[in-house]
Amino acid sequence: MNKSRRNFLKIAGITAVGVTAGKFIPAEVKDSTAQLISKNSGLLKKGTAVKTDSKVRLAMVVDLRKCKEGCTKCIDECNKIHNIPNFGESKDEIKWIWKEPYENAFVDQENFYLSDALKNKNVPVFCNNCNNPPCVEVCPTQATFQREDGIVMMDWHRCIGCRYCMAACPYGSRSFNWRDPRPFIKNINPDFPTRTKGVVEKCEFCDERLSQGLPPACVEVCPEKALAFGNLNDPESDVRKLLKENFSIRRKPELGTNPEIYYLV
Amino acid sequence: MLEYALKGNKKYWSWLFLLAIIIAAGFYFYMKQFNYGLGITGMSRNISWGLYIAQFTFIVGVAASAVMVVLPYYLHDYKAFGKITILGEFLAIASIIMCILFVTVDLGQPMRVANIFLYPTFHSLMFWDVLALSGYLILNVIITRVTLDAEHKSIAPPKWIRVVIIISIPWAVSIHTVTAFLFAGLAGRPFWLTAILAPRFLASAFSAGPALLVILCLVLRRLTKFDPGEQALKKLGLIITYAMCLNVFFILMEFFTTFYSGIPDHVSHMQYLYEGLDGKARLVPWMWTSAFLSIVSLLFLIIPKLRNNNKILFITSIIVFLSIWIDKGLGLVITGFIPTPFGKVVQYWPTIPESFISLGIWAIGIFLISIFYKIALSIRREIEV
């Protein structure tokens with residue numbers, strides 16, 4: 001834990017650009033962000049091109065062999081800290097992490113003869129924070145934008161709710177606030193904004209935690225340590241090591257989106 | 001010129017009053033939607049665009065179709081269209097206003113719509129579509145205003161207006177092309193990911209739009225002294241025939257590529273449309289109705305004797321319009337989302353508020369067409385002022 005915590009502190013600086021999303025960020029973090037920006041000018045630019053030359057390329061590795069069936073710790077934690085409402089029905093549903101049967105998560109695999117382990121596997125799915133995000137490409141207001149480190153962010157104050165990003169996302173990762181979510185949040189976490197009706201939202205790799213040097217909440221709470229998070233451009237990072245030693249797959253890579261969530265099967 | 005819209009007989013005012021009631025009902029439901037959110041519609045996390053965007057897509061086609069009368073009249077000096085060109089242009093104006101309204105009611109945060117202009121985003125097709133549509137609206141407002149004004153004063157229209165009219169011709173093509181690009185550029189939605197989408201949009205637009213114009217002309221001829229002229233009607237019938245043939249041909253091409261290649265991602269959408277998927281088949285009867293209507297319309301159009309009979313042409317035009325409305329205004333947009341990116345079949349059907357809001361916008365369009373045509377025909381003294 002300590003080791004990974006140090007790693008996160010290392011990348012924290014660069015990822016501490018949550019201010020652009022208009023989110024609440026403690027003053028001291030804002031200051032350090034300001035310092036960092038002056039040092040690394042251009043980091044705040046809302047780019048859209050593929051930035052393989054960027055120093056930091058954040059990605060997640062999900063080890064499906066470790067991920068326990070029936071466990072929803074990551075989902076619960078995410079819902080709790082991100083003020084995700086529970087409407088009790090699927091039509092208006094908002095979800096950042098959830099589980100899908102393997103054949104639904106990997107529709108393109110079309111493999112009828114799956115191993116027993118995978119056949120009944122429920123796979124955690126998130127926003128892939130694509131390297132080449134189609135949602136960012138189509139957004140008419142840049143309310144969804146990509147940071148230098150790859151995270152695809154949402155500006156909930158700018159989003160006009162046209163839902164073009166939802167049509168463009170090949171992964172069904174985006175949720176829309178079909179109605180006011182606030183009455184449906186059990187306990188509001190005051191450290192994270194609630195959303196208004198009429199805007200789109202999704203997983204942002206816990207940018208608010210990264211800016212404080214913490215790993216994404218799902219990674220931290222997973223009792224099986226099935227999730228790893230880190231910098232793909234650093235050959236020494238946990239994620240790179242895992243990818244080097246294991247066979248991994250991604251969801252719909254053939255579409256050219258370059259999804260940044262890797263699954264070990 | 002607007003004063004002509006304010007004078008009229010009892011029939012005219014009752015008609016406008018009836019439309020106003022429908023508009024008021026739509027507005028009432030829109031206020032409900034404004035308060036509650038878009039959850040009041042049948043749209044969901046999985047099917048995030050519904051009737052509104054589908055209507056928008058269909059009506060952009062109607063707007064673009066004005067070019068089918070403008071082009072022959074101004075570019076080829078086809079005099080027979082002299083009386084209906086202005087009707088086509090006014091139809092375009094009313095349609096674009098409907099398009100703007102349909103997109104606006106679809107927004108989750110309509111008060112922030114200015115963000116599109118405050119943060120112009122060139123890599124978003126939505127930005128270009130907004131530009132294309134508003135440009136087309138402005139062009140047609142200028143054209144109708146200037147040409148009608150000249151007619152009103154019995155003088156020749158200024159020469160520069162010809163330039164504006166010529167610009168409006170490719171512009172009309174552009175609005176429907178860019179609207180097709182909204183859909184056809186999305187890698188994750190195989191149903192729309194087809195290079196023939198824009199040509200298909202244009203072909204369907206150039207059949208449904210002139211069909212609507214035929215309907216309007218014949219209704220006007222019945223109710224007023226207005227006469228579009230036999231030659232104009234015949235020519236419109238011919239335009240519809242060619243466009244409808246192309247439209248059906250393009251749809252068949254989609255069928256070929258989809259089913260012969262057999263790529264599951266592409267086949268599944270078509271399956272949902274025409275035979276149902278996972279036992280869910282809400283659109284199937286609609287799509288077969290559309291297919292049946294288009295075949296019937298082709299028969300009525302291709303046989304000259306039937307096409308050149310105005311009574312039959314009137315019915316054929318209604319059939320064409322309905323067939324394309326189902327295909328484009330119902331099937332095309334919704335089915336892009338079915339099955340979902342997870343391969344699941346989630347269905348959609350508009351709710352009552354959603355339907356009333358859509359109906360209200362249609363009523364606004366018809367209201368606008370009514371007063372526009374009233375003005376145009378009053379100036380030409382084809383109806384009693």
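This is a predicted model: local features need pLDDT of at least 70, side-chain atom pairs count only at pLDDT 80 or more; totals for chains, interfaces and linings use all residues.
A residue counts here as buried if 20 or more other C-beta atoms lie within 10 Å of its own, as exposed if there are 12 or fewer, and as partly exposed in between, with the C-beta atoms placed from the backbone. By that rule, 50% of the 265 residues of chain A are buried, and 49% of the 385 residues of chain B are buried.

Residues are numbered from 1 along each chain as its sequence is written, and chains are lettered from A and ligands numbered from 1 in the order in which they are written.

Let me start with the two chains. Helices and strands are DSSP runs numbered from the N terminus, a helix being H or I over at least four residues and a strand being E over at least two. Chain A has ten helices and ten strands, whereas chain B has 14 helices and zero strands. I call two residues in contact if their C-beta atoms, placed from the backbone, lie within 7 Å. Among contacts in chain A between residues at least 6 apart in sequence, 67% join residues at least 24 apart; for chain B, residues 24 or more positions apart account for 79% of the contacts with a separation of 6 or more.

As for overall dimensions, the C-alpha trace of chain B spans about 65 × 50 × 40 Å along its principal axes. The radius of gyration is taken over C-alpha atoms, and the globule rule is 2.2 Å times the number of residues to the power 0.38. A compact globule of 385 residues would have a radius of gyration near 21 Å, and chain B agrees, with 21 Å.

Now to the place where the chains meet: 40 residues of chain A are in contact with 33 residues of chain B. On the side of chain A that touches chain B, the elements giving two or more residues are helix 6 (134-138), helix 7 (164-168) and strand 6 (175-176) of chain A, and helix 7 of chain A gives the most, with four residues.

Helix 6 (residues 125-152) and helix 7 (residues 160-184) of chain B pack at an angle of about 150°, with their axes 9 Å apart. Angles under 35 degrees count as roughly parallel, over 145 as roughly antiparallel, 65 to 115 as roughly perpendicular and the rest as oblique, and helix 6 and helix 7 of chain B are therefore roughly antiparallel to each other.

The axes of helix 2 (residues 51-64) and helix 13 (residues 310-335) of chain B come within 8 Å and cross at roughly 135°, so helix 2 and helix 13 of chain B are oblique to each other. Among the residues that meet there are Phe58(B) and Gly61(B) in helix 2 of chain B, and Trp325(B) and Leu332(B) in helix 13 of chain B.

Finally, in helix 10 (residues 264-274) of chain B, the buried residues are Ser268(B), His269(B), Gln271(B), Tyr272(B) and Leu273(B). The buried residues of helix 10 of chain B pack against helix 11 (284-302) and helix 13 of chain B. Just after helix 10 of chain B, Gly276(B) takes a positive phi of about 90°.

Terms used. Axes are lines fitted to C-alpha atoms, for helices over the stretch in contact, and angles run from 0 to 180 degrees between N-to-C directions.
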